[in-house]
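Visitor: I keep meeting terms for parts of a protein. Could you show me how each one is decided?

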Amino acid sequence: MLFRDYGYRILPSFSQMFWLGPPVDTLDCMMRVGVPDTYDPSWQVGHWRAESHGLSRSSMFPDERRVVPSDVRIMAASEMLMDAQRLASEKTKVYETLFVYGAHPIGGQRIILDLELDMDVPDEITVSVDIDSYIWVTSDFCPALNLGIYLAPVIDHQAPIHKHNHIYVDILIPQSAEDQGPDGTERKEWWTKSVPLSSIPHVPFGMLSTVNHASNLLLFFPRMIHNRTNSSLKATRIPLDVIDLFWNEVVLPSISQEAPNSSLPYVDTTVHEIRYKSRKGGFGQFGSQRPKAIPIPKATFERIQRSMRTRIKDQAMLAPYGSFFFVLEGKGIKLWTKDGQDDRYDTPYEALKKNFTNLDWDYMMDRKHGELYLDVGISFNPTGQFVGLWRLDALKASFQKGGFRKGVTHHTNTLGRYGGIQAEMLLANARSSQICFRSAYQLCYEAIRPNNNQPRCISDRDAYHLTDGYLKECQWMHEIYSGGASKRAYGCRDEYRMSGQAALKVLPHLKEQAEAFMKSKPILWIPSNIWFGLMDARLEGLRHAQKSLKAHKPLNYGIQTSILCHLLRSLTSTPIVMDAHLRQSLQSLDVKRICDHDGMLFLYDMEEKIIKEDNAQIHKIMGANIKSRPKSLAFQNSTTISPDWPIGPQPSWKDVVQMIQDNPQLLMRPWVYNPIWDPGDLDVGMLFIQFTREFWLQLGGAQTTNEFMDAITMNPRICDDLQEAMACWSLDRVNEWIISIKFQACSAGLEGDKPGRPHLSFVQRRTTFFPDKDSTPPQSSKWKIYWTEGYIAHYHQMCSELPEPQLQHLHNRLDILFANLQCLPDSNKPTAKSPGSTWTLASGEDSIKIVTNPCFYRIQKIGGRKRTTKRPAVIKRPQDFRLTIMSLQGRDSRRNKPEQRRAQADRRSTKSKKARKPPTRHIKV
């Protein structure tokens, strides 16, 4: 059993992380100015890269020559956005070239992003102070009012504190065998160790809720501390059977013993009963809902705690649950305490006490009962529409001056010089100042922050296959960046986790400290529309780049997809790199150097540095459907190949199918519009234009290229005349607008040896796209919209109004148009039993099936089938192999031949075998 008693214990002072005296110099560790008075943030970017500079390196050897670099261009974010908008209508791939690969579309110069050029100073910066969260570590929990206790363990996917919250407790380490000695009296000293709360097994135990807020009460079991199997990580999520035992043997009996008689009918005796009742109504899964919490008064809960400890002490099998302690955790309360709730109270702490009356704050503040931690936050908010970004060089100097560790640096959107820092305080300073942790970050993250603070990660597999989930996530982010977020103000925030005593000491003086800190210019202010415009342009460039990769499918498509997804996730958070191939690729790109040099992570020369081909592990991660490469065509007579006959005048049908799949442009004649195809009837032409327009607009964004999106952006109607409509079905246009295609050959109208079922000609396929009114599709059919509101509804209305001669004329003119189309989707007509299909994918692939018109094939006829040559046998025949074995053994192969009996085959029919046999006639002698 892994969750057993490992001998760890706690002392009465286990929760004391700081010295027991009053806090010392706490304010001197907060928002310290670390840069000199001559600090100029504009010189973060070396302007010599864009200006002329001399080559002289020594006064002894002067060199008056000067160099002006021509391959580098320093640009502001606003300048990049203006160039992108100006060039988008003239050039393709502008956004991915500018914002992903960091090259200017005109000239190809390498871009260095300098956000200092976009700097703008707000008229006023407002400083506000609040308390964002509280954590109380105690062995005896004492609420001010009632407490809700869960009647069964809460089943979650992970432990409540699954990340390090920078709070430690002292755990008494058991003595080793050498320390104990043979008689157990060798050494008397004991050692304690500071262990993070996130490393101790724990479960949710109860909750304290008011109208304003709900806080969680967690129960910790320090005796169970151990590592996971074959891992250095701690096991903190307790198995269900282990925690069920604790509830059945300890919690529920203690509640039944101490609860008033009026509450006993509502308290079950086993966890099984509670889970049975916690099901959803109807056919819900067993235990599929959160268990019920029963309210317990303050005095009753004190008796329940004593009863729980007594039961654990009296039973040896319950020893792993001993030495338990409680942690109360409350988050997201900044709006209830900000500036004393808009100066209604003197300090944020007074607002905290008045708004959360279910807790005895004076009792919790007394360090004899445990350690109370408060997150004190200072927000810097501008007036007007601005976004604030921490300057990392000034922020790092402030952290170092305040006595904090190096910590973790978070680069916002892969920017080299702007972001946030999280760091713990050095142990020597933390014990005296009673500050344990500091976190500085930008509030622009709130524009897209999920409620549970868990960023939604777009998987590499979704991007690899361009799924609807990937496109929807990109669309939602685009709507946020281009919507209300660009018209709001987002400042910066600085948070400190400290003891309650330290918070009381510094709260009255934080605004003065913040104003002095702002004089060192630690924050860059830029207009909100420029910042979110940059984020939106980066998002648009990444989406375009992913579609371009999908269309070309390079050999390292999986690796490039992982890099693009890493940049996409970096828009909203600092992603953790888990996959080995992505980690290796980022190392090859030298990310830190690029971010520092270019101001942002651009993929300027990515293809030269990363691995050239995906391996089997990457294919498995991406869910790629890897098939063998198509074999090269081997024609019967290469002398017959000419520009007029690319694969010969009479190729086999197999060669035609293979050529259409691999290189249809080589086999098919170019499509050229002929004016004689014009029906001369405006209604017929408009009907065909409507069909083309609606059919193309039905395609999902996962299957269309950037060129198609640009085309419908410039002209949402796609085509305005008949020539444009017919050109939409040309081979070149289909290749340009669809990402992945599987072209199919058609044998209709061709002469020669055509195996298989006959194919429909393009004239015959007209009835698929313009069906009769009688064949109504089912409700689930993809054709249904066309029948009710689309071009088919318009077609049926025209048919009902036209006399028979004009109706025949309409069909004849449509037949001429379809006969001269080069490509069509492989659509299926709906029937009473089948919903049919409009755009279909090839079996087992993500490629759209497109049928080609055989009228454009550059062949005379289909030749005869090739006579396949029998492949040589891999192994010998059994008779020959037997002779070889017998020769090796020195035996005569002519002797001891195995008997070969071959049963005579009865070749009669079943009827003959079962026919009645007449009786044998006896002959008289």
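**Cut-offs at work**

Guide: Let us start with C823: at 1% relative accessibility, it counts as buried. Buried means under 20% relative accessible area, exposed over 50%, and partly exposed in between, with a 1.4 Å probe and protein chains only. The model is predicted, so local features need pLDDT of at least 70 and side-chain atom pairs 80 or more, while totals for chains, interfaces and linings use all residues. Residues are numbered from 1 along each chain as its sequence is written, and side-chain values use heavy atoms, leaving out hydrogens and water.

Visitor: Why does C719 count as buried?

Guide: Its relative accessibility is 0%, so C719 counts as buried.

Visitor: Why is the pair of F205 and F301 called tilted?

Guide: Rings of Phe, Tyr and Trp (its six-membered ring) pair if their centres lie within 6.5 Å; planes under 30 degrees apart count as stacked, over 60 as edge-to-face and the rest as tilted. A search of the whole structure finds 54 aromatic pairs. In this one, the centres of F205 and F301 are 6.3 Å apart and the planes meet at 50 degrees, so the pair is tilted. The pair links distant parts of the chain, 96 residues apart: F205 is in strand β9 (residues 202-209) and F301 in helix α6 (residues 298-314). Helices (H or I, at least four residues) and strands (E, at least two) are DSSP runs, numbered from the N terminus. Both F205 and F301 are buried.

Visitor: What makes β20 and β21 edge strands?

Guide: They belong to an open sheet of three strands, in the order β20-β22-β21, with mixed pairing. Strands β20 (741-744) and β21 (823-825) each pair on one side only.

Visitor: How do you know that β20 is joined to β22?

Guide: Two strands pair if DSSP finds at least two bridges between them. Four bridges join β20 to β22 (residues 848-852), and these strands run parallel. I741 stands opposite I848 in β22.
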